[in-house]
Each structure stands twice: as structure tokens, then as C-alpha cells.
Amino acid sequence: MRYPIHCEKAISLSFVLFLTGFVLLSFSLMAQTQSTPLMVNGKIIDADTRAPLPYATVSLFDQQDSALIAGGITDESGLFAIEAQPGQYYVHIDFLGYASKTIEEVVLTPSQQPLALGEIMIQAEATGLDEVIVQGEKDRVQLALDKKVFNVSQDPINAGRTAADILGNLPSVTVDGEGNVNLRGSSNVQILIDGKPSGLLSFDGAEGLRQLQGSLVENVEIITNPSARYQAEGMAGIINIVLKKEQRTGINGSFDFTVGQPDNYGAAINMNYRKERLNFFINYGLIYRDIENPHNSLYQEVYGADTTFITRQRNISRQTVLNNNIQLGADYFFNQSNILTTSFTYRHAKGTRNTEIEYYDYLFTNENLQSITRRFQDEKETEPKLEYSLNYQKNFGKKDHDLTAILTYIDNWEDSDQEYTQKSFLPDNTPSGEEDGLQRSDNYETEKQLLLQADYVHPFGTKGKFEAGIRNTLRDITNDFLVTEFREQAWVPLEGLDNDFYYDENIYAAYMILGNKIKKVGYQLGLRGEYTDLTTELVQTAEVNHRNYFNLFPSAHVTYDLPRGHALQLSYSRRLHRPTYNDLTPFITFFDNRNYFSGNPDLNPEYTHSLELGHIKYFEEASISSAIYYRHTDDKIFRIRNVNEEGLATTRPYNLVNENAYGAEFITTYQPVVWWKMDLNLNFYRSMIDGSNLDQSFESDTYTWFGRLNSRFILWGNTDVQLRGSYEAPQQTPQGRQLATTFLDVAVTRDILKNKGTLTLNVTDVFRSNRNRSITEGDIFYTNSNFLRIPRQINLTLNYRLNQQKGENKKNINEESGY
């Protein structure tokens, strides 16, 4: 298929930008006239146990002006090596839970190379928990008061799966059958990739994450009550997906190969080559899936004046997808304090979707069958995505005194061609004699997005910190939508289904944060301002909806260190949820001509006040993180289902009056013995929704809960078995109720090839019980739906590591990155 002209131009522009970045790097490299750097090395160990300490931070400072010259982290054996020009320095060592240590008078000369500092002992100490990341198990989960980090690349349940599947395995996160992500019971969560918006989420929302292979993901960060540093978007919080990236010297990488049933074939490569100041990296992922889902049904009753119409509906779908993801780029280290990164990402998804829907129509009772209708969908879809990014990081010679700048350009398009055939049958399954229905739906969408962002951090005093930043996002989306029907030997457009939709969104933001710590009390106060200019237009009918608004979003975080290793944090933030493109587009889905879904161009943003009290405590064999939270949301966006007397249903979002929600969350890890490790997540909450502005009956008050238990066993040697069970309790909605669901995943892993490889066999949804079941009721209808979220999957995955150890962190977590 030939790309549209605008896409060819976009590809050219992206490559020009990408090559420009590389040219800048090359000139910078050639401009270096410094002499060959010298090296200082050593080993960091525990002063009591003499055990090596991996991932300790080692920094080299100039002896005269204390400027940061270079630095790094220790490897698995506690070893480090730092390069610098000849001169007089001092070395500073930091490690979580240990006293800092400084080594004075480190003199680098060509005559003594390398300069060996030998074993350096540092002493463990008690530290305030607001500064501590608690590792329940090394490289698996990190719990802190302000966020939680899950190193999903080390979880065998995730082997051979997609990024969407990975999110569904995280504490307090659920993913429904349409790919909608919920955090603590709320679907209004901001999802980022490497701290930035991604084209993967543009047209399909979170469902687009199924195009991203899980083998490319390093960890996932969850921030439930973000400060003013972060975008105000996302009322329940932020989920940031961090992709793998290696920066170590030499050639390093990992390779993943997956085979599965139903057909699931994948490969992923993550590699880098670094020599001195230049680091090249490449990530490539390939997925082919062919999945059939025959386990979906819907039952509906429609009540007339003197009749009851009953419909039983059965859906059988088959989807094939071929996804390619490639990211290549380079880091140039002018020195340890100045880093320029350029990267280019190309994603291409191509697939087909074949759906057969059977409608059995009854009158009064299920024994009185009137007719059978079968509708067939044949869809072909192509979806290329381009992304270019240029990042700059500078440290001003003092810890946390940083400037970062980001430029990101995204260009995507999607071409979807669908054909529908509809046939009618008598109750005895013989043709009814009616002419077959033939329809086509052509949908062409484009998106262009430009992101500019800069963040500055200035420390003061011992613990103080001032932060400020600006951000500008420009986004344009177009959608050419047309549905035609074959009548009298010609294709005729259907009324109201031939139009062009234009979406133009510009957001300008700035923030300031002031933080400090006095004895046991730490505080952070922030204020963010965002100006939004949004226009939607239906071109053919000249329907224009223009809105602009400015809002202030304050945030406050107060932390208090309690005795015996406990800590508390009280936090507040004001946030919003802007209606997304899919929320606003008025075009309906057409594959099911009894149940239509569309957006609503008249939606207003939601605004939320969020309050949270968090606690954290860690022990030698366990850790526990707990929180109680409250959210008040005005103009709550909720999808309402309406059914007419003919049984045709339309579901679209509306603004309700408000929602009040509060709950308690617990995340704990416990290792009773060396060979057994458990993780438990529980989330209890109450949600009260008022939709009386639409209908007095659109109100709900529900108590519900969510739980997930993960248990890992070491059977023998290097073989592990993992079981993960999840349960979502039933809950009330403004139009009915969501029924309970539960499921079990199993995985077995074994290290092979002298621990350079890991073989993983996993089975997801062992009992095919992970279903999305709901009951929706109105004045004249009752609907009961039962859909299997994802078919049971069996995967076998081989991971091979080149110059890496199992469980290594490939990318440091940047706690101060402004998303």
C-alpha cells in the first residue's frame, strides 16, 4: 500500500530531524580535542558484612570548585570505573540506606594508570523513609511514598505478552475487554511512555498498547497523586511505561523469542554499543498474532406498550495483527554533566479483523423465535506511527542542580476499510428471502503532535529544592469518515455518516515547586497553570465547537518520619481530565448494527480534588505500603446506554453532576523462607455517582474491592514457579452493575546456557474466567453482556543476554523527570 503524500513528507521530515541530531553529535565528537581520558576504579562494600554493593552512585568532583566532572554506578560486583582528564579531584559515594562517604585528594596522572582505590567500605545507617526506595525483592518492586516502580521485565507472567497485558498485572490496575485502563477504580489515568505522550495511544487509547511488545518494557511507574511537576491530566494518577535502554561501555543487549498458542510469535532485540562518549542504541520488536474469541454474548429485553422483544446475540471474532516497532538513537556525553540524546521511532501495524454476529430475535418468551440475522465484518487496517525525540540534560556541578529540555514530534495515520454483509433467516434457519445487506465503512485518520518542554531544578541549603518548568503541546487530528450502502447497483452514502472531523488542541503550561525538609518534616508546595485552546469541527456540516480555558492546579505534599522506620505522607492535588479525541468524535462504530458507540462533541472537562495519606514500613523479610485516599470529581464523564423501541442501542459519554470516591490500598511483600516469596495487593473503595442532571435514576452508591495475590517458589536450583490470582468484586453503576470476575495465571522459568538465558513457560487465564460481565437497565430495556476479555494464551519465551546479568536494571529511574 502506498503511503499518502502527507505521510511521505512526514517521514522525510522525521528522518531529516533524526539525521540532523546525529550530525550534531558527530560534529561534537570531532570537536573534542581533549587528550585521552584517564581512569580511576574501585569496589564499594558493606563495612560490616564486606558484601559488594551494586548500584551505588560514585561521583568525581573537581578539587578546586567542587564541579561535578564524571560519575557512574557500581555493577553487580560493586565495581566502578570512571574516566576523566588529568587533575586533582575528590570522590563522593552515595548508596541507599548507607552513610555517604568522601575520599579526598584523588590525583589522576598518566604515570599511574589506572588509579586503583581498592575496596571502599561504607556504613549502613537508619534513613528517613521519604528518601528511601524500598525493594521488596531486588529488581522486582520498589515502593516509595510518592510512587511505586514495578520492574516488569523480571516478571515471568509477562513473558511473550504485550504492554497492555503488563498493565493488567499491576497492583490496583485493571484492563477491561475494550482495553480501558482503570487505576483504583477510575478510568481517568494518564498513560505515558518514557515520560511523554505516545502516538500508540492516539487513535485507539490504551488499546494501542497491544501493538507494543512487552519485551521492550523495562519498568512501569505508578504515581497516584502527582505534584505540580506533572501534567494536570489524569485524575486517578499517572502510569509511566519505561522502555529498555542500555548505556554501558561496549556491546550489550538482550534477545527475546516467543512462540504461543493461539498463534503468537514474537521477537525483540535490545542492544547498545558505547565507546567513550558516544552510545548507540537500538530496540526492535516484532509481533504476529492470530487469535479467535468465540466466547462473547449479549442478552437484551425491550419492553413495548404490550409486547416484549428479546434478542440473544453471539459474537465470534478473529483478529490477525503484524506489528513492527523499531527505535534507534544515540547519546552523546559531552561530559558526565552534559548529555544529548536523539532517537527515531517507527511503528507499523497491519492487520485484519473478521467478526460474525448472530442475532436471535424472540417475541415475549425465549421459546418464541421470530428470526435469525447474521452480520459479517471484514476489516483491513494499516497504522504507521512516526516519532522523533531530542533530549538534553545538564548538571550544573551540584547534586540535583539540573536542566532538562525535550523536543518530540509525532506523525501518525490510520487507514481502516471495512465491509459488512448481513443475511436474514427464518426460525428454521432457512433463508428469509430478503435481499442481503451490503455496507462499507471507510475511515482515514491522521495526527500530528509537537511537544516542547524544559525543566529546571535548583537545590538550596541542605535539603531545599526549587523547581520550575514550561511545556507546550500542539496536536492536530483529522478523521475522514464515510459509510455507504449498496442500493440499486450503486454505493450510496448513509445519512449523517459522511463527514470530516477536525480536532485541534493546544496546551500551554508552566509550574513552580518549592520543597524543603526540617528535621523529621518534609514539605513540597507547587502550583501549575495550564491554558487550553481546543477546537472541534464537522467540516461538511460546518459545526464548530471552540473552547478555551485557563486553570490553576495546586499541589502539596507533607512527609513526616516516625520512629522505628515508619513514614507518613499527606498529599493534595487538583487535576483534570480533558475529553479525549475518542470521547469527542461523533462518528459511530458500525460493525454491530444493533449496538452503536460514539463520542460526544459537547463534553466538558472533569475536575478532581485528590487527597491521600500514605504510609510505608519495611522489614528485613517484608515491606508494606498503605494509603487512604479521597477524590471529588465535578462534571464526571460516564458512558450512558440508550435503547429505542426497535431495540437499537447507542452508547456515548455524558457529563454527570459529580462523583465522590474514597478507599484504602495495601501493597505488601513477604518472604517467609528463602524459596517462597509473596506479594499481596488489596484495594477497597466506595464510589458515589450523581447523574441526576440527565435522569433521576442515574445514581449509584457502591462498595467494592479488588485483590491480587502473587506467589513465587524456587523448586530446585534455578527453576521458579509463579502463581498469580486476581479478583474484582461486583460494583454498582449509574445504569446497573458490573459483575465479579476472577482469573489465574501460571508461569515456570528456568535459567539455561550458563545463566545467560532464561526459558519461560506461562499460561494466562488458565480457566478462561477473566470475563467482562455487566447488567445495564433503563425504562424500557434490560441488557446482560458477557465478554471474554482475552482468550487463554500459552507462551514459551527464550531470553538470551549478551554481556548482561539476569535482573539488571538497564535504565536508572529518574525521580525528578517532569512528565
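**Conventions.** Helices (H or I, at least four residues) and strands (E, at least two) are DSSP runs, numbered from the N terminus. This is a predicted model, in which local features need pLDDT of at least 70 and side-chain atom pairs count only at pLDDT 80 or more, while totals for chains, interfaces and linings use all residues. Residues are numbered from 1 along each chain as its sequence is written, and side-chain values use heavy atoms, with hydrogens and water left out.

**Figure 1. The whole chain.** The chain has 3 helices and 44 strands. Of its 819 residues, 53% are buried. Buried means under 20% relative accessible area, exposed over 50%, and partly exposed in between (1.4 Å probe, protein chains only). Among contacts with a separation of 6 or more, 67% link residues 24 or more positions apart; contact here means heavy atoms within 4.5 Å. The accessible surface comes to about 35500 Å². Carbon and sulfur atoms contribute 56% of that surface. Areas come from the Shrake-Rupley method with a 1.4 Å probe, and for residues only the protein chains shown count as cover.

**Figure 2. The open sheet β4-β1-β7.** This sheet has 3 strands and mixed pairing. Two strands pair if DSSP finds at least two bridges between them. The edges are β4 (79–84) and β7 (115–122), and each pairs on one side only. Neighbouring strands are turned by 25° against each other on average, direction ignored. Axes are lines fitted to C-alpha atoms, for helices over the stretch in contact, and angles run from 0 to 180 degrees between N-to-C directions. Strand β1 (residues 38–46) runs parallel to β7, and 6 bridges join the two. V40 stands opposite L115 of β7.

**Figure 3. The open sheet β3-β2-β5-β6.** Here 4 strands pair in antiparallel fashion. β3 (68–73) and β6 (101–108) form the edges, each pairing on one side only. Strand β5 (residues 87–94) is joined to β6 by 6 bridges, and the two run antiparallel. Q88 faces V107 in β6.

Figure 4. The structure holds 27 salt bridges, each a side-chain nitrogen of Lys or Arg within 4 Å of a carboxyl oxygen of Asp or Glu. One of them joins the side chains of D290 and R318, at 2.8 Å from N to O. D290 lies in strand β18 (residues 278–303) and R318 in strand β19 (residues 308–335), so the pair ties together parts that are 28 residues apart in sequence. D290 is buried, at 13% relative accessible area. R318 is partly exposed, at 41%.

Figure 5. E383 pairs with K385 in a salt bridge, with the closest N and O atoms 2.7 Å apart. E383 is buried, with a relative accessible area of 1%. K385 is buried too, at 2%. R487 forms a salt bridge with E485, where the closest N and O atoms are also 2.7 Å apart. R487 is partly exposed, with a relative accessible area of 41%. Salt bridges that share partners also link E233, R528, E530 and R578 into one network.

**Figure 6. E467 and its polar contact.** E467 sits in strand β24 (residues 464–487). At 2% relative accessibility, E467 is buried. Its side chain makes a polar contact with the side chain of R229, at 2.8 Å. A polar contact is a pair of N or O atoms within 3.5 Å; within protein, one must be able to donate a hydrogen and the other to accept it, and residues adjacent in sequence count only if both atoms are side-chain atoms.

Figure 7. Q113 and P114 are joined by a cis peptide bond, with omega about -10°. P114 lies in the loop between β6 and β7. The bond from Q261 to P262 is cis, with omega near 0°. P262 belongs to the loop between β16 (250–261) and β17 (264–275).

Figure 8. Q489 is not a glycine, yet its phi is positive, near 65°. The residue lies in the loop between β24 and β25 (490–518). Q489 is exposed, with a relative accessible area of 70%. R768, likewise not a glycine, has a positive phi of about 50°. R768 is placed in the loop between β41 (757–764) and β42 (771–777). At 39% relative accessibility, R768 is partly exposed.
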